[in-house]
Amino acid sequence: GQVDLQAAMVNQQGIVRADALAGGAAGEVRLTASDTLTLAAGSHTSADGDAGGRIAAQGGTTLVSGRVQADGRSDRGGDIRLLGGNVGLLDGSEVSASGQAGGGQVLVGGGLQGRDSAVPNASATYMDAGASVRADAAGRGDGGRIVLWSDKATRAYGQLSARGGAQGGDGGFIETSGGWIDVRPRSVRTDAPLGRPGQW
């Protein structure tokens with residue numbers, strides 16, 4: 001199904017799920033705030049299923065401290081978009097679009113090279129050293145895609161992973177770009193145990 005929360009300010013401190021409980025593809029969660037959108041520490045926002053679903057969170061300022069996941073139990077990971085004028089992945093935040101048959105996509109602050117007209121670009125994007133983003137293939141499949149973008153300032157210090165599957169598949173793609181960047185991540189992984197490495 002679909003969960004849609006809209007307001008001037010949205011403060012998600014609990015559990016929001018659009019999961020497929022017994023097979024099938026997951027649903028969609030949309031969180032939209034014209035001012036500030038907060039996914040607080042301890043919150044859990046998910047769209048898990050056989051194939052991962054879609055989570056779109058966008059505010060004037062978007063701050064993530066909780067868990068956001070669109071994982072695929074038997075198929076590919078889903079699509080997660082954390083967007084806004086200013087976007088922050090704060091200490092303790094965990095974002096995952098991983099899947100058994102391949103990683104999904106995570107967009108933070110914009111699309112590929114900031115050139116996707118369907119995805120609004122942030123002015124500033126920040127990723128704390130205690131934050132993590134994953135788009136891994138767990139079984140057999142390719143790693144997914146992770147993009148951190150901003151038009152003005154991108155700071156990325158956390159853990160980024162788009163690994164190929166343990167049973168086969170290639171590594172994925174990670175981009176950390178912007179008009180100005182300070183990128184010193186704790187770790188970046190696009191490796192693949194049985195396939196070709198991916199690209200950062």
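Leaving out neighbours within four places in sequence, L63 is in contact with L37, T38, L39, G88 and L90, where contact means heavy atoms within 4.5 Å. This is a predicted model, in which local features need pLDDT of at least 70, side-chain atom pairs count only at pLDDT 80 or more, and totals for chains, interfaces and linings use all residues. Residues are numbered from 1 along each chain as its sequence is written, and side-chain values use heavy atoms, with hydrogens and water left out.

L63 belongs to strand β5, residues 54-64. Strands here are DSSP runs of E with at least two residues, numbered from the N terminus. The relative accessible area of L63 is 30%, so this residue is partly exposed; buried means under 20%, exposed over 50%, and partly exposed in between, with a 1.4 Å probe and protein chains only. A40 is 23 residues from L63 along the chain, and their C-alpha atoms are separated by 7.8 Å.

Next comes the interior. A nonpolar core is a set of buried Ala, Val, Leu, Ile, Met, Phe, Trp, Tyr and Cys residues joined through side-chain atoms within 4.5 Å. The largest such core has 34 residues, and I80, L82, L89 and I146 have the most contacts inside it. At least two residues of this core come from each of β3 (28-39), β5, β7 (79-89), β9 (105-108) and β12 (145-150). The strand that gives the most is β3, with 5 residues. A second, separate core has 5 residues, among them L83, V119, V147 and W149.

What is L82 in contact with, leaving aside its neighbours within four places in sequence? The list is A57, V64, V87, L89, V95, L107, V108 and G109.

R81 also lies in strand β7. Its relative accessibility is 17%, so R81 counts as buried. The side chains of R81 and D79 are joined by a polar contact of 2.8 Å. A polar contact is a pair of N or O atoms within 3.5 Å; within protein, one must be able to donate a hydrogen and the other to accept it, and residues adjacent in sequence count only if both atoms are side-chain atoms. Beyond four places in sequence, R81 is in contact with R54, I55, A56, A57, Q105, L107 and V119.

Turning to strand pairing, 7 strands form an open sheet with parallel pairing, in the order β2-β4-β6-β8-β11-β14-β17. Two strands pair if DSSP finds at least two bridges between them. β2 (15-17) and β17 (187-189) stand at the edges with a single partner strand each, so one side of each has no neighbour in the sheet. β2 and β4 (residues 44-46) pair over 3 bridges in the parallel sense, and I15 has H44 as its bridge partner in β4.

Other parallel pairings involve β13. β10 and β13 are joined by 4 bridges, with R155 in β13 as the bridge partner of Y126. β13 is also joined to β16 (residues 181-183) by 3 bridges, and T154 has I181 as its bridge partner there.

The structure holds 1 aromatic pair. Y126 and Y157 form this pair, which is edge-to-face, at 6.0 Å centre to centre and 70° between the planes. Rings of Phe, Tyr and Trp (its six-membered ring) pair if their centres lie within 6.5 Å; planes under 30 degrees apart count as stacked, over 60 as edge-to-face and the rest as tilted. Y126 is in strand β10 (residues 124-127) and Y157 in the loop between β13 (153-156) and β14 (159-161), so the pair ties together parts 31 residues apart in sequence. Y126 is partly exposed at 29% relative accessibility, whereas Y157 is buried at 15%.
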